[in-house]
Every structure is written in C-alpha cells, then in structure tokens.
Amino acid sequence: MTTQPLPASSWLNAPAHHAWLATEGQRLLSFAKASKLPEGFGNLDDHGVLPPDAVAETMNTARMTHSFAMAHGLGLPGYADLVEHGVAALSGPLRDARHGGWFATPNASDGNTGKAAYLHAFVALAASSAVVAGAPGAQTLLNDATHIIDQYFWSEEEGAMLESFAQDWSGVEAYRGANSNMHATEAFLALADVTGETRWLDRALRIVERIIHTHAAENRDMVIEHFDSHWQPLRGYNEDNPADGFRPYGITPGHGFEWARLVLHLEAARLDAGLATPEWLVTDAKGLFASACEYAWAVDGAPGIVYTLDWSQRPVVRERLHWTHCEASAAAQALLKRTGELHYETWYRRFWEFCESHFIDRTHGSWHHELSPKNQPSSKIWGGKPDLYHAWQSVLLPGLPLSPSMASAVAAGRYVTKW
C-alpha cells in the first residue's frame, strides 16, 4: 500500500479546494489556447499574445499536446482539435523526415539540427497522452518516439539516457544530464501505462538509482545536475553562465522537488505492476523534499524558493521561477498522500499561498513565470508566459492518485471530484 490516510483537515479533503484548483486550471487552459501556430505551439508574451516573429517549438508543442490531452480527458470541450494539431505538428514539420527524431523548431529553422534527449522525452510523453485521448495519428507518433528512444537514447550499459546527437545520430555528446533523465523518467512512467510494457518501469528505476539513490544521496539529498560521459560530477559546469534556463550552474532545488514526486510515482507504479520495489524510494523522496525546503526556501530572507544554490548551499541565482514552486506544491501533495504526515500539509499550503500572492496574474492571465529576489515580476531567465505544463499539472495532481500516470488516471475517471 503506497498511501496513508490524510489528516482530516487536509485541503486535499476539501471540495472547495478542489473547486478552486479546477477553476484555476480552466483559466490556465483558456490562456494557453492562443499559443497555436500553423506548425505547432509557440511562446506567448505576458499578455497572452504571440509575437509577430513567433516560431513553433517542439518543447512547447509536446507540452501543450500533453496538457490539452488531459483537458480533453477530463471532459472539457474545445481541446480535442488542439491535441490533433499537436500530433500533426510533431508528426510533420517538427520531425526530421530524413534521419528520424525531432528538431527543436520546424525544419531546424533556428539552425540547431541536433537531437536532444530532453525534447524526445517530451515527444514520447505527448504521444502517450494523445494515444490515451484517442487522437488520430497518436499511436504512430508513439511508435516512432519509442523506436528512437530505444535505438539511440537509451543506454542499457549505463542505465540512463544519452544526452544528444548530431542530426544524423553521429557524435554523441560527452555529457550526461540529470534534467533530461528526469523527464525521461516521467515519460517512461506514462509509456508503461499506455504500452503495458514494464520495461519502462525498470528503466525508470535504473535512472533513479543512479541519479538519486547514488549521486544525490551522497550530496545531502540534493540533485547533481551535470556529469561527464563516465558519470563523474561536473561541479564547475556553467559556472560562467549560472542562470542558464536548462543547464544552470550548481544545484537546482526545483528539480529536487520534481524528482521527489516522480520517485513516489515510480514506487506506486511498480507496486501496482507487482514488480520488486525498493523501500528506499520513499526514503529518498522524503530526503529530496526536506533538503530542498531547508536550503532553498526563504534562504535569502524573502519568501520563495531560489533558482540555484552553490555547492555550499548558498544562493547563486536568487530569482524565483514559477515552475519551481509548482513542483514544490506537487511534491508536497504527493508526500502527503504517501505518508499522511502533517508537515507536508503545512508546506503544501505555504507553497499555494505564495503562488496565489505572487505568481498568479489575475490581471493579464496565467502566471508570472519569474519573480525577482524581491518577488516582483521579472524576466532575467524566462520572459513571457509560454509554459502551461507546470502550472496545469500542479492544479491537476492533487486530485489524482500516485499511479497510474496522469493522462491514464484522468481517462480512467480517477480524479477525486468533477470538473
């Protein structure tokens, strides 16, 4: 059994709280519809408008497709066509018709012809959710995505994903990243549900054992993000570019929260599948959450979670990113369900109170994606409001079980209340 009774007063037991989450979710979804472009989905500005030079991106297209598929699964009209649009874009202009796999933009219009594990993990996630939603072409897209992962990205020897390749799949990058492997873990959980193949859960466990149970456990339960090709930590990586949006220097507490949640989903999925499930999974999830709270919440004297820390747990990039707080909230509710321990309720409420006060934009819609160290809207790292995925999942997860994965749980009617 992977869940415990919730405290009687828990917000997760409160119909009014779930009604609030549902209202916020529909507000987020409505805002994101404007991101549609002929070749996929693009980046909205602060007011929810596509700039004149907006270009579709594989990351946004995959994330939007996944998000809209779950909206459709909940019974919300107006999203089926958007799921189909996403599938068509990922099957067409965003795909490399010659060598297979996916570019970052249509036909590599940005000049980047490389193939990144991070993007391919999201394509697989989007395809799996679209299959659950019954979108035309989704199964073919899913077959294509899993074939590419099997053939190129998954390393059976390393028990993890390789990072990137040239367009023709030559020249594997001499770098291993926790971020791409984290999103591969997320995708593998969904693939296990949609395909019925438990090998995806075995792969996810191998990733978690390497990155979390080995490396993070040796680093005060804080995730090490960057490694060389032999999985030796690169502690100085990007020290001269500490605010990078995907490979920042040092420790990224938001990923500690995100991993904590995924580890609990993996535990639940393996138990549901009748697979051997290490007891250390829940212990590691607790450690990740506790470490991120201790070292990153209000560490500079103001409320909120800083973007990055150095190796002595001192803040480096003090901006607060919305996705970090979405993942903190999502991790708190997962641990609350798993353990029933009251202090996770306290953190869950704290994170939502902060998001309501600082991130949610009631004037122009959606959420501010970034706050300054003084908790004012800023754009040092992320400009505009391109991301539906993190905030949408944060309002959806509290109503879902730890297993199956999100789209499958939604389709099975496992949400705790009606939308």
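Helices (H or I, at least four residues) and strands (E, at least two) are DSSP runs, numbered from the N terminus. Axes are lines fitted to C-alpha atoms, for helices over the stretch in contact, and angles run from 0 to 180 degrees between N-to-C directions.

## Basis

This is a predicted model, in which local features need pLDDT of at least 70 and side-chain atom pairs count only at pLDDT 80 or more, while totals for chains, interfaces and linings use all residues. Residues are numbered from 1 along each chain as its sequence is written, and side-chain values use heavy atoms, with hydrogens and water left out.

## α1 against α12

Helix α1 covers residues 15–32 and helix α12 residues 389–396. Their axes come within 9 Å and cross at roughly 160°. The two helices are therefore roughly antiparallel (angle over 145 degrees). The crossing is left-handed: the near helix is turned anticlockwise from the far one by less than a right angle.

Contact means heavy atoms within 4.5 Å. From α1, Leu21, Glu24, Gly25, Leu28 and Leu29 take part; from α12, Ala391, Trp392 and Val395. By class, this contact has six nonpolar, one polar and one charged residues. Nonpolar covers Ala, Val, Leu, Ile, Met, Phe, Trp, Tyr, Cys and Pro; charged covers Asp, Glu, Lys and Arg; the others, Gly among them, are polar.

## α3 and its cover

Buried residues (under 20% relative accessible area, 1.4 Å probe, protein chains only) of α3 are Leu82, Val83, His85, Gly86, Val87, Ala89 and Leu90. Their cover includes strands β1 (36–37) and β2 (40–41), along with helices α2 (58–73), α4 (117–132) and α5 (138–153).

## α2 against α3

The axes of α2 and α3 lie 8 Å apart, at an angle of about 150°. That makes α2 roughly antiparallel to α3. This crossing is left-handed. Thr58, Thr61, Ala62, Thr65, Phe68, Ala69 and His72 of α2 meet Ala80, Leu82, Val83, Gly86, Val87, Ala89 and Leu90 of α3. The contact divides into nine nonpolar, five polar and no charged residues.

## Asparagine 107

Asparagine 107 sits in the loop between α3 (80–91) and β3 (115–116). Its relative accessible area is 55%, so asparagine 107 is exposed (over 50%).

Leucine 94 is 13 residues away in sequence but 6.1 Å away in space, C-alpha to C-alpha. Leaving aside neighbours within four places in sequence, asparagine 107 is in contact with Glu39 and Pro93.

Conventions
Angles under 35 degrees count as roughly parallel, over 145 as roughly antiparallel, 65 to 115 as roughly perpendicular and the rest as oblique.
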